[in-house]
Amino acid sequence: MLSVTRTIRPFASRLLAQKPLICASAPAFRFPRGTKSFSQSPLAQIKKYTESHEWIELIEGTKTAKIGISDYAAHALGDVVYVELPEVGLEVTAGEPVGAVESVKSASDVLSPVDGKVISGNEKLLDEAKFINESPEGDAWIAEIEVSDVAALESLLDEAAYKATLEEE
């Protein structure tokens with residue numbers, strides 16, 4: 001073992017003492033213009049709120065959005081025992097019911113924030129309605145819709161404006 005170390009040590013010392021090989025004629029690597037970082041992914045999502053405590057999250061670059069109730073609404077309702085999902089293919093209009101949530105305290109319609117067509121309902125809520133209390137603004141969305149006019153989301157509240165309305169209540 002000692003003989004191997006004696007053989008390698010002089011070679012390693014010379015190798016480490018050398019300057020790194022850099023080709024002076026090679027251009028420095030640069031990302032092409034227009035390249036975006038991962039944090040600016042086109043799949044970033046835009047979330048808006050209504051004064052009636054619904055949220056809508058649009059996948060940027062598409063017309064697909066998920067609708068649900070806010071954390072505030074879920075907390076105010078208490079323990080959710082039943083969720084009524086919309087039928088696939090249902091044409092919805094802003095301000096009209098797209099589903100309903102029933103709790104031990106009360107029942108409440110879920111109003112559509114925008115016009116569109118229902119693509120799907122969150123089937124998990126049929127078996128586990130209480131899941132809406134655990135993740136109301138996450139995986140416990142109620143309906144997924146194809147938005148008719150994406151520009152209509154501009155009239156809805158962003159998170160800061162929505163929280164300001166909660167402080168007024």
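Author: Let's start with a term: a nonpolar core is a set of buried Ala, Val, Leu, Ile, Met, Phe, Trp, Tyr and Cys residues joined through side-chain atoms within 4.5 Å. Buried means under 20% relative accessible area, with over 50% exposed and partly exposed in between (1.4 Å probe, protein chains only). This is a predicted model, where local features need pLDDT of at least 70 and side-chain atom pairs count only at pLDDT 80 or more, while totals for chains, interfaces and linings use all residues. Residues are numbered from 1 along each chain as its sequence is written, and side-chain values use heavy atoms, leaving out hydrogens and water.

Reader: Okay, which residues touch the most other members in the largest nonpolar core?

Author: Ile 56, Ile 69, Val 101, Ile 132, Ile 142 and Val 147, out of 28 residues in that core. Elements giving two or more residues to this core include β2 (54-59), β3 (64-69) and β6 (97-103). Helices (H or I, at least four residues) and strands (E, at least two) are DSSP runs, numbered from the N terminus. There's also a second, separate core of five residues, including Trp 55, Trp 141, Leu 157 and Tyr 162.

Reader: How many bridges join β2 to β3?

Author: First the rule: two strands pair if DSSP finds at least two bridges between them. Here β2 and β3 run antiparallel, joined by five bridges, and Glu 57 stands opposite Lys 66 in β3. The two strands form a hairpin with four residues between them, and Gly 61 in the turn has a positive phi of about 90°.

Reader: What about His 53, buried or exposed?

Author: His 53 has 14% relative accessibility, so it counts as buried. You'll find His 53 in the loop between β1 (45-49) and β2, and its phi is positive, near 75°, though it isn't a glycine.

Reader: How do I read a pair of aromatic rings?

Author: You describe it by the distance of the centres and the angle of the planes. Rings of Phe, Tyr and Trp (its six-membered ring) pair if their centres lie within 6.5 Å; planes under 30 degrees apart count as stacked, over 60 as edge-to-face and the rest as tilted. The count here comes to one aromatic pair: Tyr 49 and Tyr 162 are stacked, 4.6 Å centre to centre with 10° between the planes. Tyr 49 is in strand β1 and Tyr 162 in helix α5 (residues 159-168), 113 residues apart. Both tyrosines, Tyr 49 and Tyr 162, are buried.
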